[in-house]
Every structure is written in C-alpha cells, then in structure tokens.
Amino acid sequence: MDTIYYLVLVPMIYLAFFVFSVGTIIRLINIWRKPKFPTTLQIYPEKKPSWLWTLFDTFLLNSARRHNPVLWFFLMVFHFCFLLLIIGHLELIKDFRILQIIEHEIFLGKGFIGLILSISLIFFLFRRFVSPTKDLSVPEDYYLLILLFLAVIFGSEMDWARTLYGYEEMGVEDYRGYLMSLFLLKPDISFVDAPGHSFMLVLHVFFANLFLMFFPFSKIIHSFLSLPLNKLRRG
Amino acid sequence: MEEKLREELIKLFESKLSKPMQMYLETCSRCGICTPACHAYASMPQAKYTPAYRAEVVRRIFKKYFKLQGKIAPALGAAKVLDENTLDELYEAAYSCTGCRRCMVYCPFGIDTQQIMSIAKLLLIGANAEPELLTMLADVSVSKGEGIEDMKESFMQGLKRLEDQVLEKWKMEAGEMEAGETPIPIDVEGADLLYVALAGAHSIIPAAAVFNAAGEKWTLSFFEAVNFGAFVGDPTKTKLILDRIVNEANRLKVKEVCICECGTAFRVMKQMSGSQPFEVSSITDVHAKYIREGKIKLDKSKLNLPVTYHDPCQIARNGGVIDAPRYVLQQLGADYRELSADPKYNWCCGGGGGLVAMGDETHDFRMKSAKVKADQVQQTEAKILATACENCHAQLSDISKHYNMDVEVKYLSSMVADALIQ
C-alpha cells in the first residue's frame with residue numbers, strides 16, 4: 001500500500017504536471033503556427049471597444065447568460081469556485097501576501113466551495129443524460145465530469161474533515177510540508193501518510209493527476225482559447 | 001473508400017486548418033447552448049439539426065486524423081474514420097446548414113459553424129459527392145467569365161432592350177442623352193462606381209434608374225455578382241469568380257464597387273477582395289447615402305401597407321449592413337415593423353448556403369425548416385416583406401406560397417426605384 005501511496009503522491013504528480021505543461025504548450029504552439037484567416041470572422045452589429053466586450057463575453061459568459069440562464073448560473077458558480085480552489089492550492093504551497101488582500105483562511109469558503117463545485121458538476125453531468133445535450137455528448141464529456149467530480153469530492157472531504165468535524169491529524173501545515181517538498185524536488189510524503197484521511201488525499205491526487213494528464217488532449221483547452229475566439233467574433 | 005482518396009481528402013482537410021479553424025475544432029464543449037439558434041432545429045427539433053451536432057460530424061474526422069487523442073483513444077471523442085458513411089453525414093450536415101451564423105451569436109466561444117461546414121463542403125467536392133447542380137452553376141459561371149470577350153456584344157444588345165424600362169422609372173434629361181450618356185452605361189473607364197448586378201433585368205433596371213436619378217457616374221459590370229463557387233464551397237472557383245470583378249474594377253479605375261442585392265456576393269467581395277483602391281458597398285448602403293445627401297427624393301405616399309424587412313444574414317449579421325435598410329424604409333414612409341428586436345437574432349430565411357440554388361431537391365427541407373421564419377413574418381402582420389438579397393427573395397416567396405402568407409415579397413431597391421420623384 002505504501003508503494004501505491006508513494007507512486008501516486010510523487011512520481012505520478014511529476015508525470016501529470018509534465019504531461020499537462022508540455023502537452024498544453026505544444027498544443028497551443030501548434031495552433032499559433034497555423035496560418036491566419038485572411039478576412040474578418042466577426043458578427044455585426046459591432047460594439048466598441050471590442051476588447052472590453054471580448055472580456056465581458058469570455059469571463060461573464062454573456063451569451064450563456066442570455067440563452068440559458070440556468071446553465072449560465074451553474075457555469076459561473078463552477079468557474080468561480082474552481083478559481084478559488086486554484087488559489088487555495090497555491091496557498092497550500094506557500095503564503096502569497098497578494099492573495100491575502102482580503103484576509104482569509106486557507107481554502108476560502110469554509111468547505112462550501114467544494115460542495116458547490118460538486119453540485120455544479122452533478123448538474124453538468126445529469127444534463128448530459130437528457131436530449132438534445134445527450135445527443136451531442138461523447139464519452140470524453142462524461143469522463144471529464146466524473147473525473148473532476150471524484151477529484152473534487154475527495155479533495156473536499158479533506159477540507160470538510162478539517163473544518164466541519166475538527167479532524168486535525170492532517171492540517172494545512174502538513175499539506176504545505178508535502179507540497180513544498182515536491183516543489184523543491186525533495187519529495188517527502190511523511191507529512192501526509194498518517195492513518196485516517198491519507199487515503200482521501202491519495203484518491204484526490206490520483207483523480208486530479210488523471211485530469212491534468214488528460215487536459216492537453218481534451219476540450220478543456222477552451223480555458224486558453226475562449227478569449228481569442230471571442231475576440232474573433234467581436235472583431 | 002480507397003486509401004488514396006482518403007489521403008487526398010485528409011490533405012484537403014489540412015488545407016483548411018487556419019488558426020481560427022483549428023481553434024473552432026479544438027474548443028467546443030458540447031454545452032448545447034447553440035441548440036435553439038438554428039432555424040432548422042427550431043422548426044424541426046432533431047439533434048442532427050443542431051449546430052454543435054453538425055460541427056461534430058467534421059470534428060470527429062478532425063480528431064481521428066489530426067489529434068493524438070483520436071489516434072490513441074478514438075472512442076473517447078467518438079473519432080470517426082473518413083468513409084462513405086461519413087461522407088453521407090457530411091452531406092447532410094453541410095447542406096442542412098445555410099451558413100447564417102446565428103449559432104455563432106449563441107455560442108459562448110463564438111464558434112463559426114459556417115467555417116466548419118466549409119470543410120465538409122470541400123471534402124464533398126474532393127470526393128465528387130457535392131451537389132452536382134451547384135458545381136455545374138459554378139462551372140458555368142467560371143466559363144462565362146472566361147468567354148466574356150465573345151459575349152460582350154450580345155450582352156450589350158440585351159442591355160439596349162432594357163433601356164426603355166429604365167427610362168420609364170427615371171427619364172434622363174435631354175442634355176444627358178445628347179452627351180452620349182446611356183441609361184445603362186457599361187465599360188466606362190473613370191466612372192466613380194462599378195455596379196455588379198445579377199443576371200436578370202430585375203437586378204439592373206431599378207438600380208440603373210436610381211443611379212441615373214442620383215446623377216451617379218456609374219458603369220455596369222460585365223460580370224454577374226453571384227458567386228456559385230462560394231455556394232458549393234470551392235475556394236478556387238470562389239476566387240476566380242471574385243478576381244474577375246476585382247480586375248474589372250481596377251481596369252476601369254472606379255472608386256467604389258457596388259454589389260447588387262445578393263448576400264453572398266456582397267460578403268465575398270467586401271471581405272475577401274483584400275486591400276484594393278476601391279470601396280465595396282451594398283446597393284442598400286448606396287441608396288441610403290443618396291437619400292441622406294439629397295441626391296434622390298422619394299414619394300412617401302407610395303407605401304400604404306405595413307412593411308417588415310428581412311435582414312439577409314450575409315449582408316446584416318455577417319456583413320454589417322443593418323441601419324441603411326431601416327433608414328431607407330423610413331424615408332419611404334413605411335409603417336415599419338421589426339422582425340426581431342435585435343437584428344443579429346433575425347431568423348435566417350432558410351435558403352442560404354446554396355439551398356435555393358439547388359431548387360426542387362431542397363424544397364421540402366427548405367419549407368419545413370423555415371417554419372419559424374414564416375411565424376416570425378406573420379407575427380408582424382406586415383403585408384409587404386422587403387429584403388435585399390435575391391436568394392432570400394426566392395426563398396421568402398416560396399415560404400409565402402407554402403404557408404399561404406398574406407404578404408408580398410419585394411426587393412428593397414425596387415421599392416426605392418418605384419418611389420423616385422422625377
């Protein structure tokens with residue numbers, strides 16, 4: 001069991017980050033090396049300044065809000081919570097003063113962020129079982145949602161354990177010690193191999209690793225391409 | 001399908017992979033927000049008529065041959081081998097899409113389904129599986145252009161026969177006629193404006209009357225505006241048909257090229273002619289300019305029935321001509337009713353993308369898929385349905401007949417010509 005723990009918590013993490021970083025960079029370079037389109041692809045009437053409307057479309061999902069408000073609500077909640085989780089994970093590596101502009105505990109939201117994210121993912125998943133979204137969906141769509149749900153639910157459980165029922169065997173300092181050791185290329189899993197909730201961490205990391213490794217080959221690349229595509233539409 | 005043909009088709013596919021195209025193919029999250037955007041789906045709710053589904057037919061081939069995921073784990077993205085069955089799917093996707101780009105307004109990423117369908121159309125051409133009629137029309141158009149020198153004389157004789165009808169709408173001053181000016185000038189070097197019409201008197205007579213009324217120094221193009229190359233999705237023929245107009249405009253040293261009421265012709269000329277020493281305008285823009293500048297005066301009492309205006313997708317949503325037709329109708333004194341509160345959401349007529357040109361073959365689909373358009377027009381209770389595109393005019397006339405709509409479909413330019421005050 002220790003070997004499995006070690007494989008997931010150390011080499012698999014390095015592999016996942018390598019595949020994620022290199023794969024994403026190669027994919028983006030491949031796109032950027034393609035020839036330009038010779039003419040405009042914009043939609044009229046145009047609104048100026050187009051860059052501001054592009055930001056509005058990209059980050060506030062303007063068209064989703066107008067055409068499917070329920071989905072838009074869950075999309076906004078999901079993306080916002082996901083951003084908070086990324087910030088939370090960065091803070092698990094080290095304190096960033098800039099992120100403490102508004103003073104907060106590490107992992108904002110007192111455990112509710114994970115819960116909201118899980119509910120959003122269940123909504124996204126269930127709507128894929130109903131036509132016409134069902135008819136458009138491919139296995140990748142279900143696979144990604146299930147993977148994310150599993151990563152979120154096991155990750156959240158660790159947070160819930162800490163915040164909801166006072167589980168203190170593994171706390172922020174333990175996670176920080178483990179992540180810092182990975183970051184300094186001196187991996188040490190002794191911080192997080194205590195009995196109890198460490199299997200939650202292993203499962204969380206395992207599913208998150210799979211997600212990261214799948215990222216460059218999947219539609220999640222929209223996180224990078226949404227902005228330039230919306231700019232094309234705005235002209 | 002033979003391996004050699006498949007390889008050739010994959011090369012054709014690759015030739016379409018520009019930066020935006022690659023992004024369109026990589027990005028779709030299949031969220032389905034675009035679903036209600038398509039008039040075909042809104043009229044006939046079947047998954048195959050949703051924009052994302054159509055695009056997915058092409059995207060699955062893309063995954064198979066251009067993505068690592070499609071090579072390692074094709075089942076994940078439902079990647080598809082290019083074969084006869086896939087060609088059938090491509091045909092259905094490409095020729096049930098009118099290229100109106102209404103779905104692009106809905107998509108959170110702004111994915112252009114028309115662009116993706118241009119891949120489908122090119123693959124069908126490569127496999128000789130495209131609609132024969134469209135290729136024939138494109139070929140005829142190309143060969144007419146090549147043999148223009150032999151046809152000039154008969155074309156000019158044909159124009160002579162139209163002159164009286166132009167004069168009926170707008171009588172030229174005696175002095176003008178004596179100075180050698182004709183109601184339909186052609187091949188005039190140094191003219192300010194080159195007018196590119198469609199084949200047919202309806203596209204020439206009203207336009208000529210308005211140009212003459214405005215005192216425009218204009219000349220008629222030898223070539224017809226419609227670009228059948230664009231309908232069939234053949235980039236080579238599209239460029240051939242486009243270039244001969246560009247060359248003519250440059251030879252005559254005109255300052256402006258005015259495209260008649262043809263959406264595809266306008267968009268191709270406006271957006272694909274590159275940097276040229278002339279401006280490209282739609283005839284509606286030109287008419288609006290004449291009215292604003294007081295060059296023509298219109299009788300506001302001619303229109304005594306409620307009017308609505310159908311924005312041709314390639315001219316309005318995709319070409320930016322939105323205010324001009326409304327201004328012209330206002331100047332015609334129309335009791336004007338909007339089809340859609342926001343013109344970018346106007347329903348497509350259902351005849352674009354070559355569907356009208358394909359005639360009876362597509363009639364049933366065109367009528368069924370245009371149900372929402374018919375409803376939209378009827379809700380305005382307008383008795384006159386104006387538009388500025390021949391393709392839309394033909395389709396709207398068919399819809400009007402099919403759904404027994406109590407509405408007369410009219411060209412906006414003809415309405416202007418009919419209201420000219422001498």
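The model is a predicted one, and in it B:Lys253 has a phi near 55 degrees, which is a positive value in a residue other than glycine. As for its surroundings, B:Lys253 has 13 C-beta neighbours inside 10 Å, and so it counts as partly exposed.

There is a second residue of this kind in chain B, namely B:Asn404, which is not a glycine and yet has a positive phi of about 50 degrees. You will find B:Asn404 in the loop between α20 (390-402) and β8 (408-411) of chain B. Is B:Asn404 buried or exposed? With 8 C-beta neighbours inside 10 Å, B:Asn404 counts as exposed.

Let me step back now to chain B as a whole, which has 21 helices and eight strands. Its radius of gyration is 22 Å, close to the 22 Å that the globule rule gives for 422 residues, so chain B is as compact as a globular protein of that length. Taken along the principal axes, the C-alpha atoms of chain B fill a box of roughly 80 × 50 × 35 Å. Of the 422 residues in the chain, 54% count as buried, and if we look at contacts in chain B between residues at least 6 apart in sequence, 77% of them join residues at least 24 apart.

The domain assignment divides chain B into domain 1 (3-130), domain 2 (136-292) and domain 3 (306-418). Between the centres of domain 1 and domain 2 of chain B, taken over C-alpha atoms, the separation is 35 Å.

Turning to the nonpolar cores, the largest has 145 residues, and the members that touch the most other members are B:Ala120, B:Tyr195, B:Val196, B:Val210, B:Val257 and B:Ile259. If we leave aside residues up to four places away in sequence, B:Tyr195 touches B:Ala207, B:Phe211, B:Trp218, B:Leu220, B:Ser221 and B:Cys258. Apart from this core lies another, of 32 residues, and among them are A:Cys81, A:Ile113, A:Phe214 and A:Phe215.

That brings us to chain A, and to helix α10 (residues 198-214), which has 17 residues and reaches 24 Å from its first C-alpha to its last, close to the 24 Å expected at 1.5 Å a residue. Buried residues in α10(A) include A:Leu201, A:Val205, A:Phe206, A:Phe207, A:Phe211 and A:Phe214, and also A:His204 and A:Asn209.

Chain A also has cis peptide bonds to point out. One joins A:Lys48 and A:Pro49, with omega about -5 degrees, and A:Pro49 is found in the loop between α2 and α3 (50-60) of chain A. Another joins A:Ser131 and A:Pro132, with omega about 5 degrees, and here the proline, A:Pro132, is found in the loop between α6 (112-127) and α7 of chain A.

Finally, how many residues of chain A are in contact with chain B? There are 41 of them, in contact with 44 residues of chain B. On the chain A side, the elements that give two or more residues are α2 (11-32), α4 (62-67), α7 (133-136), α8 (139-164) and α11 (222-234), and α11(A) gives the most, with eight residues. By residue type, that side of chain A divides into 23 nonpolar, 11 polar and seven charged residues.

How values were computed. Residues numbered from 1 in each chain as written. Chains lettered and ligands numbered in written order. Predicted model: local features only at pLDDT ≥ 70, side-chain atom pairs only at ≥ 80, totals over all residues. Contact = placed C-beta atoms within 7 Å. Helix = DSSP H or I, 4+ residues; strand = E, 2+ residues; numbered from the N terminus. Nonpolar A, V, L, I, M, F, W, Y, C, P; charged D, E, K, R; others polar. Rg over C-alpha atoms; globule rule 2.2 N^0.38 Å. Buried ≥ 20, exposed ≤ 12 C-beta atoms within 10 Å, placed from the backbone. Expected span 1.5 Å × (residues − 1). Core = buried A, V, L, I, M, F, W, Y, C linked by C-beta atoms within 7 Å. Domains from an automatic or database assignment.
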